[in-house]
Amino acid sequence: MIPVLNTILDSVVDTIAPPTPAFENFIYHWEKFMINYLEWTTDGQFSQTRIEETNVPGHLEIVQQILLCEDKNEETATNLCMEYVLKNDLFNMLAVIAEKEKLIGIRILVLKYMTNLISQLKNPVLAHQSFFVTIQRLINLCDSDLYNKQQQDQIHFLYMLCTLLNNQQNVSIMFFSYESNMYHLEEAKALTELSTFNRLNLLDCVLTYINTKNTDVYYKCCNCILLLTKLNDENVIDFIINKTKLCSLLSEHFRNLFCALPIILDYNGLETIELNWRDDYNATYSNDVTKFFCWLNFIIEVIKDGQLKISYSLCESLRLLFFNKLFDTSDQILSSHVFLLKKIYKAADHTPLSYTINYWLRSELDNSYYNKQTPIDILIKLSSTTDDIFVFNVLNFFIDVLHNSDKEILDFIILRFINNRNYYEGCTSGTWSDEEDEREKKILSNENNINTSRTLAPSSIDRIINRLLALIPQNLQSDQLHTFKDHITDVKNMYEDIFDKCTKFEWPTEALNSVKLNDFNEGPFLRMIFKKISDIPNQNSSTTLQLKIILIFLSSLPHPYLHEYLLNSTLPLKHNVPSLYMILYHVLKELHKKILTFPNYNEELIQARKRVLNNSSIKLLKEKHFEVIIFNNAVILEELCKELVAVLFVKYHHSNLAE
């Protein structure tokens with residue numbers, strides 16, 4: 001009861017007596033604070049008394065109020081109390097008291113006290129030795145690995161400090177490195193004091209909360225990271241990259257969350273899931289899947305909003321510590337891994353991480369299981385499995401990779417194999433047609449406009465279109481009109497978008513004979529696509545639909561060699577060179593034979609058309625009935641041929657408009 005009685009008496013005295021000048025009042029309550037503190041911590045012994053049972057908090061509260069009132073009083077020319085505090089190093093004294101914590105709760109009391117001060121003072125002079133040394137000591141006391149019980153108060157202090165540094169960026173380096181000239185500390189005392197304990201930089205201290213089980217603490221930890229990675233001081237940026245654990249810890253945490261995911265995932269719910277770490281994470285109730293996707297969302301935000309050098313460093317760390325390790329063991333690569341890789345790739349779009357993943361995809365791995373193979377080569381080989389879900393995820397991933405339209409990726413996967421035109425069977429007596437001969441003459445004489453491509457707009461376009469439309473036997477036509485015109489608007493919009501993206505690639509406009517004549521090799525990707533098209537009669541219709549998407553995209557690329565090889569069925573090819581046109585011809589012939597054996601096949605085709613047009617590939621994946629799959633595949637191929645014709649039509653007119 002004595003501490004409470006003393007507080008009441010102090011209040012009565014303050015009420016009866018005339019107002020005491022602020023400075024005198026400050027000195028009085030500071031001395032009272034120290035006297036009360038020492039009464040409970042005599043002879044260097046650790047007291048078993050809790051801070052709430054003493055007068056210590058009351059006097060420190062009044063000290064804080066006086067400092068804040070003085071700071072807000074615009075009529076006061078000088079802040080006598082604050083000057084006294086800084087001159088006599090009172091803040092540092094508080095930090096030492098907090099470090100020793102001889103009174104239960106004194107550390108958190110001091111932490112709250114300094115948090116309130118730095119958040120409410122109009123201009124806390126962080127560069128002053130008293131302020132800086134104190135705050136640095138408190139940063140050390142916020143290390144969650146050592147002091148895990150009061151996470152809320154500790155992270156709140158760190159968050160307020162990070163917020164303050166964003167407004168005082170000129171002093172931010174002080175909390176990362178000793179070596180900056182921005183310290184402005186004239187006395188060696190500060191550095192001497194700091195050398196007595198292991199100094200923890202601000203960011204690494206924040207990172208100790210990365211595995212917290214408290215949602216509010218998690219949010220503040222993430223916000224602190226975002227604030228610190230936005231600091232624009234070059235010294236801070238370099239220190240974060242080279243001297244802190246930011247990049248490695250974020251990457252390792254990402255991998256740990258990835259490894260904790262269940263082997264079997266519910267693709268129905270995850271196909272379109274887009275989680276936000278601010279809205280969807282709850283440390284108490286979130287499952288492993290939610291934690292992973294929320295952390296992915298957070299990492300993407302750091303990469304998008306952080307300083308560019310930090311973003312690139314984090315991306316490189318993710319490549320080394322996460323992506324490279326995906327194929328680093330002899331364990332079977334799971335379908336869920338490929339699905340998650342697709343989700344990561346999708347989330348990384350328009351960020352430096354997208355470039356990093358593209359680079360990783362075409363880089364040779366250095367491990368004992370897939371040595372000298374690239375992730376793309378590995379995925380292509382793995383797609384030969386009979387597991388429909390695995391194939392579905394691999395093709396879905398490739399669809400996203402292709403649509404990303406990265407020049408190096410497109411070249412690595414496809415274009416480098418057909419750029420030399422070794423697929424073309426040259427004629428000793430001249431070119432293969434009058435049209436080809438005329439085109440090459442115009443190119444050599446520079447008579448045609450540089451933007452015009454006779455490869456994309458050949459004079460024999462009607463013949464090429466009619467050959468494609470004739471691929472579908474009349475018995476297999478689920479659409480009575482059998483017209484490609486319904487696809488023109490969508491294809492036109494898609495092609496214009498693709499054309500704009502590819503303009504900067506400086507691709508050639510015409511397909512010309514190569515000086516080097518080598519055996520033709522379509523490359524592993526096109527070989528895989530052609531193989532799967534050949535397997536369509538015995539293949540899941542979801543795979544067929546994905547193949548259609550891939551072929552339409554590849555056909556839409558404004559690359560003359562790829563266009564000619566895939567779409568010009570009148571072009572003479574070398575012996576044993578696979579042709580998309582001939583593969584489709586044989587597949588449709590086989591499907592035709594099978595479908596004619598079913599009674600009422602016309603009605604079945606109409607029903608299949610409704611199914612295909614109203615369902616996505618993931619819904620078609622569930623279909624296991626052989627008869628249904630056969631009819632679905634016939635309809636998908638019918639639409640593929642019509643869309644390919646629409647692509648030819650749009651490319652022809654787009655190229656002619658350039659004349």
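A: Contact, or touching, here means heavy atoms within 4.5 Å.

Before going on, some ground rules. This is a predicted model, where local features need pLDDT of at least 70 and side-chain atom pairs count only at pLDDT 80 or more, while totals for chains, interfaces and linings use all residues. Numbering runs from 1 along each chain as its sequence is written, and side-chain values use heavy atoms, with hydrogens and water left out.

Back to Phe91, which belongs to the largest nonpolar core. A nonpolar core is a set of buried Ala, Val, Leu, Ile, Met, Phe, Trp, Tyr and Cys residues joined through side-chain atoms within 4.5 Å; buried means under 20% relative accessible area, exposed over 50%, and partly exposed in between (1.4 Å probe, protein chains only). This core has 220 residues, and Phe91, Leu158, Phe525, Ile533 and Leu554 touch the most other members. Helix 32 (residues 626–657) supplies its largest share, 14 residues. Helices and strands here are DSSP runs numbered from the N terminus (helices H or I, at least four residues; strands E, at least two).

Helix 32 is worth a look of its own. Of its 32 residues, 24 are buried, so helix 32 is largely enclosed by the rest of the structure. From first C-alpha to last, it reaches 47 Å, close to the 46 Å expected at 1.5 Å a residue; the expected span is 1.5 Å times one less than the number of residues. Helix 2 (residues 22–40) also fits that rule: its 19 residues should span 27 Å, and the end C-alpha atoms are 27 Å apart, which agrees. The buried residues in helix 2 are Phe26, Ile27, His29, Trp30, Phe33, Met34, Asn36 and Tyr37. As background for that pattern, an α-helix has 3.6 residues a turn, so residues three or four places apart point the same way.

Take Ser542, in helix 27 (residues 541–556): its relative accessible area is 0%, so Ser542 counts as buried. Setting aside residues up to four places away in sequence, Ser542 touches Phe392, Ser617, Leu620 and Leu621. Its side chain also makes a polar contact with the side chain of Asn540, at 2.8 Å. A polar contact is a pair of N or O atoms within 3.5 Å; within protein, one must be able to donate a hydrogen and the other to accept it, and residues adjacent in sequence count only if both atoms are side-chain atoms.

Gln64, in helix 3 (residues 56–72), is buried as well, at 6% relative accessibility. Apart from neighbours within four places in sequence, Gln64 is in contact with Tyr113, Asn116 and Leu117. Gln64 and Asn116 sit 52 residues apart in sequence, with 8.3 Å between their C-alpha atoms.

Loops join in too. Thr351, in the loop between helix 18 (335–347) and helix 19, is buried at 7% and touches Ile300, Ile303 and Lys304, not counting residues up to four places away in sequence.

Most residues other than glycine have a negative phi. Asp89, in the loop between helix 4 (80–87) and helix 5 (90–100), has a positive phi near 60° and is buried at 11%. Glu506 has a positive phi of about 55°, but it is exposed, at 72% relative accessibility, in the loop between helix 25 (488–502) and helix 26 (523–534).

Zooming out, the chain has 32 helices and zero strands, and buried residues make up 55% of its 659 residues. Among contacts between residues at least 6 apart in sequence, 79% join residues at least 24 apart.

Finally, a word on confidence: pLDDT is the predictor's confidence in each residue, from 0 to 100. The chain's mean is 87, with 87% of residues at 70 or more. Over residues 179–192, though, pLDDT is below 50, and this stretch has 25 contacts in the model beyond near neighbours in sequence. Where pLDDT is low, the predicted coordinates should not be read in detail.
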